[in-house]
Amino acid sequence: MVLPRKLPGMPGWPAALGLRLPQKFLFLLFLSGLLTLCFGALFLLPDSSRFKRLFLPRRATSSSSSSSSSSSSTRDTELPRSPPAAAEPRHASPAAPRRLREKLRARNAAPAAHTAPASRPQGPDVERPAEVGTGAPRESRAPFHFDYERFRQSLRHPVRGERPDQDPDTRARKMKIKEMMKFAWDNYKQYALGKNELRPLTKNGHIGNMFGGLRGATVVDALDTLYIMELEEEFQEAKTWVEKSFDLNVNGEASLFEVNIRYIGGLLAAYYLTGEEVFKSKALELGEKLLPAFNTPTGIPRGVINLGRQDTGMSWSWGWASAGSSILAEFGTLHLEFLHLTELSGNPVFAEKVLNIRKVLKRVEKPQGLYPNFLSPVTGNWVQHHVSIGGLGDSFYEYLIKSWLMSDKKDSEAKKMYDDALEAIEKHLVKKSAGGLTYIAEWRGGILDHKMGHLACFSGGMIALGAEHGGEERKQHYMDLAAEITNTCHESYARSDTKLGPEAFRFDAGTEAMATRLSERYYILRPEVVESYVYMWRLTHDVKYRQWGWEVVKALEKHCRVEAGFSGIRDVYTTVPTHDNMQQSFFLAETLKYLYLLFCEDDVLSLDDWVFNTEAHPLPVNHSNFKAKASVQ
Ligand code: DMJ
């Protein structure tokens, strides 16, 4: 159809058509509707970075992630560095990044206890940092300042406690564990300082391939434990190594998850405990190096990253993860550390990354309310329906409840996600054996695998921690469940010859809480069972948890202590086990720390003030009403 053209001096073509007033009105209405539709349709089209560059604020497609020089040379057309608006899945609204920023502002509307009023006069944490991504020259902004003194005042208790030990036996046990820590550290220092772990039989160091060229995993993992145990000299040795020898300019394939929980978590905790700037600056520098892993179509990070390549193609999925998927326990275990990176740097990008992960997880459909372990970072859909509260899933659930606690119970979204997930887990996965042991099975597309991994034994403590803050009836229900699961995990230790638990235990073919496969009989100094004892002790003060913890100490001394450190064992069902020649860094970060805390007063790293990341590194609760401190004490 040819439209009549408007001629000079002639009325417009609607008039020229001889339309009456109501018809004109209808026609104009139709025309304006058509225009609105065309314009709106642009927003519904598949994402186009060219379109977004035209219509959205520049920040949405260009680099907002990094203020470091390493990323400033990155061309934004090649490498979107904030939650990638240009690469969002099709069903994502283009308004999503804006909503995220609004959410961040709302989340931080109450001034954080840790933030100097002088540094953030308007209150919201992210108002000032948002400038980072606007392209304003960095020099023109006042430097962000985290007020450490103010943060320390916000704590309810001194970090190392103030109450004297009442009971000499308990104190003696505590001192024994301190001696074990010193022994583990001294041997690491003597034979492996600067390597990632100690090989205590061959008396040398192990580097491995988990940390992408980073070294000193044991140093960073041990810092806060040394500090809490008042091993002052040893703490100074570790700190000096971080100052002088910890090199972040490395190349190699690193696990995003492991670097985050061990290095970032360890450095953050060391900073919050001591106020030493070196720990903060290293944590922030390393945090920036992790950001490229989030450059995926959904913003769900891939599992492996090359810390030395900040340009292109620097992250990928694990070869073993089905169909290039990302792992729930990996991308779901960044939240606590990344919020603190934003808190300390004033840069909102870290918080944006993890809030985007939560957004994707909230949106995706959950089979029976469960979260499978494999998610595509490209489509944001599940790849395989394997659900586990042990390996591959575990710390995702842990970080939901701890996000709520760390926010001083303000992050109700996290609490709701946790409550819903736990309800689904209880409905579909929690079972009772013929012998009356409660366990959490694994789920493969609806079929149950009646197995519990050692890793899943953290869940007793987690459920207790979540129960502590529910309504009375639910609280009791979940405390009972937590106690039953912790008891089952204790049984897995008690039924072995060494009194240490296997890597996995089963409830089938007449077996209860024991490994049935040769490949599942080993113990690598893992902490999860002791971790649950600590939470159960602190929340119930039932002395059996201290007794159970002491059984572990005795078993470690008997079967894992060797001439030059502690070693894992290959078979917990033999009294003369062979050693695996590896002193894991998490033994110093977690196992020994949790054992020590089990025999401390409750105000040492009080649960009022701290949440422990999944590597047992304490991160502070963001007390926003710290002025009420006077009335609390
Ligand atoms: C630790 O690195 C962390 O606890 C992680 O969440 C799971 N595995 C080990 C310890 O077993």
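**Largest cavity.** I looked up the lining of the largest cavity in this predicted model: nine residues are nonpolar, four polar and one charged. Here Ala, Val, Leu, Ile, Met, Phe, Trp, Tyr, Cys and Pro count as nonpolar, Asp, Glu, Lys and Arg as charged, and the others, Gly among them, as polar. A cavity, on a 1 Å grid over the protein atoms alone, is a set of points where a 1.4 Å probe fits but cannot get out; lining residues have an atom within 4 Å of a point. The volume of the largest cavity is about 130 Å³; a volume is the space filled by probe spheres set on the points, which are joined across faces, edges and corners. Of its 14 lining residues, Gly-332, His-335, Ile-357, Arg-358 and Leu-400 lie nearest the centre. Helix 14 (349–363) and helix 15 each supply at least two residues of this lining. Helices (H or I, at least four residues) and strands (E, at least two) are DSSP runs, numbered from the N terminus.

**How the model is read.** Residues are numbered from 1 along each chain as its sequence is written, and side-chain values use heavy atoms, with hydrogens and water left out. The model is predicted, so local features need pLDDT of at least 70 and side-chain atom pairs count only at pLDDT 80 or more, while totals for chains, interfaces and linings use all residues.

**Second largest cavity.** I found about 80 Å³ of space in the second largest cavity. Eleven residues line it, and Asp-419, Gly-466, Ala-467, Arg-474 and Tyr-478 lie nearest its centre. Which helix gives the most to this lining? Helix 16 does, with four residues. By class, I noted five nonpolar, two polar and four charged residues.

**Largest pocket.** A pocket is an open set of points with protein on both sides within 12 Å along at least five of seven lines. The largest pocket holds about 960 Å³ of space. Its lining has 39 residues; Glu-258, Gly-391, Asp-394, Leu-455 and Arg-526 are the closest to its centre. Helix 10 gives the largest share of the lining, four residues. I noted 15 nonpolar, ten polar and 14 charged residues in it.

**Ala-456.** I placed Ala-456 in the loop between strand 14 and helix 17 (459–467). Is Ala-456 buried or exposed? Ala-456 is buried, with a relative accessible area of 1%; buried means under 20%, exposed over 50%, partly exposed in between (1.4 Å probe, protein chains only). Leaving aside neighbours within four places in sequence, Ala-456 is in contact with Ile-389 and Gly-390 (heavy atoms within 4.5 Å).
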